[in-house]
Amino acid sequence: MTNDFILFFPVVLVSLGAIGLMLAGTCRCFRLEHAAWASGGLFGLAFLVQLSATLACDHSLYNSLFKDILVVSPFSKAAGLVILGCGLFSVCSSISYFKRNNFSGVEYYSLLLFAAAGMLLLTMTRELVTAFIALEIMSLAIYVLVGYDRDNVLSTEAVMKYLVLGAFGGAFFAMGGAFIFGAVGSTKFHLIGNFVATNGFSASPALLAGGFFIMVTLFFKAAAFPFHAWVLDVYDGASMPITGFMATALKTAIFAVFANFLLADAALQQGWVNVLFYIAILSMFMGNFIAIGQNSLKRMLAASGIVHSGYLLIGLVALGSQQQIPGSVIAYYLAAYAAGTLGIFSALSFLSGKGEQWKNFNDFKGLAKTNPYTAFAISIFLLSMAGIPPTAGFMGKLYIIIAAIKAGHVSLAVLGIVSSIIAMWYYLRLIVLMYFHEAERSFVEEYPCRVGMVSTFVLVLCVFAISLYPIAL
Amino acid sequence: MLVDLLYTCFAVFSVLGALGLIIFRHPMNGAMSFLITLISIAGLYALLSAKLLFALQLIVYAGAIMSMIVFIIMFLNIQPEELPAEKTKVIYLVGGAVAVLPVAFFLIKVIKRLPNMPISFASEGFGGVKEVGLIFFTEWLVPFEIVSILLLVALVGAVVLAGKREKNK
């Protein structure tokens, strides 16, 4: 019972904190800085609680009360850690971002916590109705955060597109859930797994259609190949810290629920393996293709997010072959990717200036001359995302590719390597611009707040720490 | 069979109502058309003997939410000449229909392949207030409770996006 409480406590902490912040926001003496520090503290505390909970195997939370709906596994715990860490660093970059941009409010931090609560529930849930509601909690909070700057036309356009398409995606999820309920008579993952194990994968057309619709929604939310078009405009319109949060925490939550769904039964995963295989390849190459053509750094990162979704899909293809903890390769890749992406968005949060006026590649020419430390940090993040050896990104890619080979998908592994070589082009382009060009504008500016900078350098350490973690084990 | 006839009527009207919602130019016509959809869906619930859901659909959706939508349209007092021209509407509608067509074919194929199941009547008391309440608080406690967070997020979000905002200090 105590263990149940500790395992469930991060969700409680984050949601109660969100409600508390919302209420405190009505008080005049409660300023924005207080809200920022309070939410950062809550994320940090929840992170520590999540870290302290010990767990050896799958554990159903409050079994007699919750009826197997929330299940904590080592994988969901790791995903939760990534999400809470992303929340903490997003708060830090928001603090420095809102020193220069003036559209924040206490509700901003409250919504960030609400989104994290939805994501945590999403990683734990083993049931489709709860997954749908958690997905909507997360999505609604993110929609509002994307459109927080109401005076910005780009941001309004982004929230409109994301809201309409996201509602469409949510409808697909609900319909898929209904189909699966029609076929199986339950929406719980283990019962769906039992049904597939006894009757076979293609026994019921309703189950097939339901699985298809649910995967459409998850592909959409993860910005995988046929449903990736929204991601550029939405990332472009959202403010820097939110873009970072979306690119990392949201993706973690989606892949956690995706892996949990596929893990319901090996036959279920095997049935979808071909679809995942082609979507992984198309996501990687389409993402690279789009990223090469971008001039805006933010849009390039959005497109590279599509590529990373492709890698994570390789992880899903190889899900069955992982001997130790299921999903550990995916969780590791998510953590490695999150450290790099959050780092670069955290650096951009204080470099982009008022109203994000500097966000193109050429705006960062010669950055290394004036801000050598920041340029170094950005280079580390980019190298990690590109997958250069001593960084976390390399280890993540290595594990994914090893898992793919073990699962017998050598062609997928080779294509993954080819795609990461292509990706070098746009990651190294920024490094070349920063180091080998003369500055066109002066970067000498007073940084109004050191928090963003400190968190950026902490993330540099994280990139190396995550890469050393498997060796330390 | 009366049930089959009723089902066909409700299903057709619910789709027609939704179609009207996007085709009509004036918001008031759209709202009325949407009302048809909501009432038809209530009818479908009644056919499934989901009594509570039927009542809630009529009271909450067709009643409360609909009157709010109508009230807002009245409040804005939109005249026909104020409506946007929407010249490309037909193209988008046709394009959207073509894009969704494969999904429709897929669904029809799935439904046709479903095995024929004997129709059995729901047990006494199915879908009543007590039964639904019991299920909510025993079997489905987690989703029932987290819906409250969802509603709260929606509320905060609506206030943030649409409410009056004081400038930060």
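**Close-ups of a predicted two-chain model**

View 1. With a relative accessible area of 37%, A:E157 is partly exposed. Its partner is A:K161: the two form a salt bridge, with the closest N and O atoms 2.9 Å apart. A:K161 counts as partly exposed too, at 31%. Both sit in helix α7 of chain A, four residues apart, which is about one turn of the helix. Keep in mind that this is a predicted model.

**View 2. A salt bridge between distant parts of chain A.** Here A:R299 pairs with A:D236, and their closest N and O atoms are 3.0 Å apart. A:R299 belongs to helix α13 and A:D236 to helix α10, 63 residues apart. A:D236 is buried at 10%, while A:R299 is partly exposed at 21%. Shared partners join A:E157, A:K161, A:D233, A:D236 and A:R299 into one network.

View 3. B:E139 and A:K188 meet at 3.5 Å, N to O. B:E139 lies in the loop between α5 and α6 of chain B and A:K188 in the loop between α7 and α8 of chain A, so this pair joins two chains. A:K188 is buried at 9%, but B:E139 is partly exposed at 33%.

**View 4. A bent helix in chain B.** Helix α3 of chain B bends by about 30 degrees at B:M66. B:M66 is also one of its buried residues, along with B:Q57, B:A62 and B:I73. These buried residues pack against α2 of chain B.

**View 5. A nonpolar patch on chain B.** This surface patch covers about 760 Å², and its members include B:F13, B:L21 and B:I36. Helix α1 of chain B gives the largest share, seven residues.

Terms used: Residues numbered from 1 in each chain as written. Chains lettered and ligands numbered in written order. Predicted model: local features only at pLDDT ≥ 70, side-chain atom pairs only at ≥ 80, totals over all residues. Heavy atoms only, no water. Patch = residues over 30% accessible without salt bridge, like charges linked within 9 Å, V, L, I, M, F, W, Y side chains within 5 Å. Areas by Shrake-Rupley, 256 points an atom, 1.4 Å probe, with all protein chains shown as cover. Salt bridge = Lys/Arg side-chain N within 4 Å of Asp/Glu carboxyl O. Bend = angle between axes of the 7 residues up to and from the residue. Buried < 20%, exposed > 50% of the residue type's maximum accessible area, 1.4 Å probe, protein only. Contact = heavy atoms within 4.5 Å.
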